[in-house]
Amino acid sequence: MSSHHPYARELGDFLRARRSRLRPHDVGLEPGGRRKVAGLRREELALLAGLSTDYYQRMEQGREVRPSDDVLESLAAALSLDDEERRHLFTLAHAARRPVPARVNREPERVPDSTRRLLRVMDTPAVVLSRHLDLLDWNPMAEALLGDPYGLPPDRLNMLLLMFDDMLTSGRTCSDWERQALDYIGMMRAAVATDPTHPRATAIVGELSIRSAEFRRLWARHDVRESVSGSKTFRIPEVGDIVLDWDTYPLPGSPGPVMLVYTAEPGTADADRLHLLATLHATRSAPTGKRGGRDA
């Protein structure tokens, strides 16, 4: 395995980010003297994991190392990783043990016709996202809630690009903007773990890293999300604030797209406002024969 193995680099970045998150008092160490780093030093983390400092340093540098599962377990414990982060660590390390494949299967992610039909009959906002968060399909309720995507070029129909678009600043007034941005970034991190050199991931992360200091800061945290759920407040002048729960559901394929669905508790004011929004949207929309959806 060469020092340029993409999974080894990703593993090193992940370890470095998780190490910088810990403070000496978090793991029972005395801070001692003046420190050049905010988090644990490499030698401190290596000591906690029972590794030599040189070996651990080579892991962070993405150099030629093949850590055993026992070493990974020790690192997960030393870094206080949660279950999702531990799985991410093992995914990257196991991939880093294997030679880089000469060819990678990167077939476009397609939305099954049955899923497209399901979207059209759902009475709640729903979209289908590729593993790199490209918007593949959506239903009229999602269009009412999120806006009309038809005017955007296909390569801009991406949830991360839209979140960090300087022309779309209204979403940043929401108190949970950063939390949702971290959710999407965590989903992208999980996708990158399956194929670090995928051209679409490289293009999106590269563009945002150049033009957004906020993205660079959040991406550097190296958070990962395999499955996401939460709540979000939508501020819509026509009907007032709507608080919706949202969940992601994997669709067939490995890796494959996910369906993101927004719901409101039945019988609540949020459900009433969502229904009113849908009614207003249906009233305004003239039949055009347009359908959402594309392959990525």
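This is a predicted model: local features need pLDDT of at least 70, side-chain atom pairs count only at pLDDT 80 or more; totals for chains, interfaces and linings use all residues.
Ser 80 sits in the loop between α4 and α5, the latter being residues 83-97. Its phi is near 55°, which is positive, and Ser 80 is not a glycine. For background, most residues other than glycine have a negative phi.

Leu 133 also has a positive phi, about 70°, and is not a glycine either. Its place is the loop between β1, residues 126-129, and β2, residues 135-138. Is Leu 133 buried or exposed? Leu 133 is buried, with a relative accessible area of 1%.

Now to a pair of helices. The axes of α2, residues 42-49, and α4, residues 69-78, come within 8 Å and cross at roughly 120°. That angle makes α2 oblique to α4. The crossing is right-handed. Which residues meet there? From α2 we have Leu 45, Leu 48 and Ala 49, and from α4 we have Ser 74, Leu 75 and Ala 78. By class, that contact has five nonpolar residues, one polar and no charged ones.

Last, helix α9, residues 177-194. With 18 residues at 1.5 Å a residue, α9 should span 26 Å, and its end C-alpha atoms are 26 Å apart, so the two values agree. How many of the 18 residues of α9 are buried? The count is 15, so α9 is largely enclosed by the rest of the structure.

Notes: Residues are numbered from 1 along each chain as its sequence is written. Side-chain values use heavy atoms; hydrogens and water are left out. Helices (H or I, at least four residues) and strands (E, at least two) are DSSP runs, numbered from the N terminus. The expected span of a helix is 1.5 Å times one less than its number of residues. Buried means under 20% relative accessible area, exposed over 50%, partly exposed in between (1.4 Å probe, protein chains only). Axes are lines fitted to C-alpha atoms, for helices over the stretch in contact, and angles run from 0 to 180 degrees between N-to-C directions. Angles under 35 degrees count as roughly parallel, over 145 as roughly antiparallel, 65 to 115 as roughly perpendicular and the rest as oblique. A crossing is left-handed if the near helix is turned anticlockwise from the far one by less than a right angle, and right-handed if clockwise. Contact means heavy atoms within 4.5 Å. Ala, Val, Leu, Ile, Met, Phe, Trp, Tyr, Cys and Pro count as nonpolar, Asp, Glu, Lys and Arg as charged, and the others, Gly among them, as polar.
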